[in-house]
Amino acid sequence: MRVSKNFNNLRNKKVMITAGPTREHWDPIRFLSNGSSGQMGVALALEAARLGADVTLVLGPIPGSTPRRRKNLRVLRVVSALDMEKKVQESLPGTRVFVGSAAVADYRPAVILRQKIKEKAAVVNLELARNPDIIAKVARRGPHRPSVVIGFALETQDVMENAAEKLRNKGLDWVVANRETNLGAPEGSATLLSRWNERIHIGHMTKERLAKHIWKALLDRPAL
């Protein structure tokens with residue numbers, strides 16, 4: 001893939017990326033989560049750092065080791081959606097580009113028990129509370145709103161329609177639409193939708209290559 005001169009647009013810009021799943025504990029042992037491996041977000045963070053950005057990666061609990069630290073890549077480890085929201089808001093001032101690729105749990109247990117639940121009842125009722133919408137909060141117009149806010153939409157049906165709805169409802173500049181088959185897989189494909197009605201399809205490839213193509217598509221646009 002040829003690299004255009006516009007790739008220098010990330011140099012010295014502050015970029016924040018969320019990646020991986022969150023874990024929403026309901027006792028010290030058990031939790032609600034999903035199958036995200038965080039590979040896509042990590043690949044985007046490493047590529048942004050390679051392109052000269054000052055990157056903050058807010059990373060949920062993923063298998064394997066944390067990406068190696070480097071001068072322009074800071075990794076903040078979190079567990080729950082509330083943890084992630086706190087770190088995002090603390091680090092948001094000065095952020096030029098925000099990428100919300102994390103698979104944040106929509107709900108958390110309303111009560112977290114201090115002790116492990118013993119196996120007694122045949123049925124256990126679990127009350128859930130809504131988690132904060134991290135990327136929608138980032139995208140709100142305000143003094144710390146990044147210049148560009150990019151979300152991810154992982155869908156099982158009506159992929160383009162649901163992704164476009166997320167783009168509108170959350171006030172995003174771009175959304176990366178992909179299917180559930182990408183979740184936890186080393187490869188994937190994506191379609192980028194913008195609030196300017198652009199649509200860019202990127203075919204099936206490794207997530208490292210996919211990250212390069214996503215940044216190339218975005219950085220060819222003057223908004224960054």
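1. In this predicted model, strands β1 (residues 14-19) and β4 (residues 54-59) are paired in the parallel sense, with 6 bridges between them. Within this pairing, K14 has D54 of β4 as its bridge partner.

2. The β1 and β4 pair belongs to an open sheet of 8 strands, whose order is β5-β4-β1-β6-β9-β10-β11-β12 and whose pairing is mixed. The edge positions are taken by β5 (73-77) and β12 (199-206); each has a single partner strand, and therefore one side of each lacks a neighbour in the sheet. On average, and with direction ignored, neighbouring strands of this sheet are turned by 15 degrees against each other.

3. Helix α1 (residues 39-50) lies across β1, β4, β5, β6 (97-100) and β9 (148-155), and runs at about 165 degrees to β4. Helix α5 (residues 207-219) also packs on the sheet, where it touches β1, β6, β9, β10 (174-179), β11 (187-194) and β12. The direction of α5 makes about 160 degrees with that of β12.

4. A separate point concerns the surface. Y107, L126 and L128 make a nonpolar surface patch of about 270 Å². Of these residues, L126 is located in the loop that links β7 (107-109) to β8 (128-130).

Definitions and conventions. Residues are numbered from 1 along each chain as its sequence is written. This is a predicted model: local features need pLDDT of at least 70, side-chain atom pairs count only at pLDDT 80 or more; totals for chains, interfaces and linings use all residues. Side-chain values use heavy atoms; hydrogens and water are left out. Patches are made of residues with over 30% relative accessible area and no salt bridge: like charges are joined within 9 Å, nonpolar side chains (Val, Leu, Ile, Met, Phe, Trp, Tyr) within 5 Å. Accessible areas come from the Shrake-Rupley method with a 1.4 Å probe; for residues, only the protein chains shown count as cover. A salt bridge is a side-chain nitrogen of Lys or Arg within 4 Å of a carboxyl oxygen of Asp or Glu. Helices (H or I, at least four residues) and strands (E, at least two) are DSSP runs, numbered from the N terminus. Two strands pair if DSSP finds at least two bridges between them. Axes are lines fitted to C-alpha atoms, for helices over the stretch in contact, and angles run from 0 to 180 degrees between N-to-C directions. Contact means heavy atoms within 4.5 Å.
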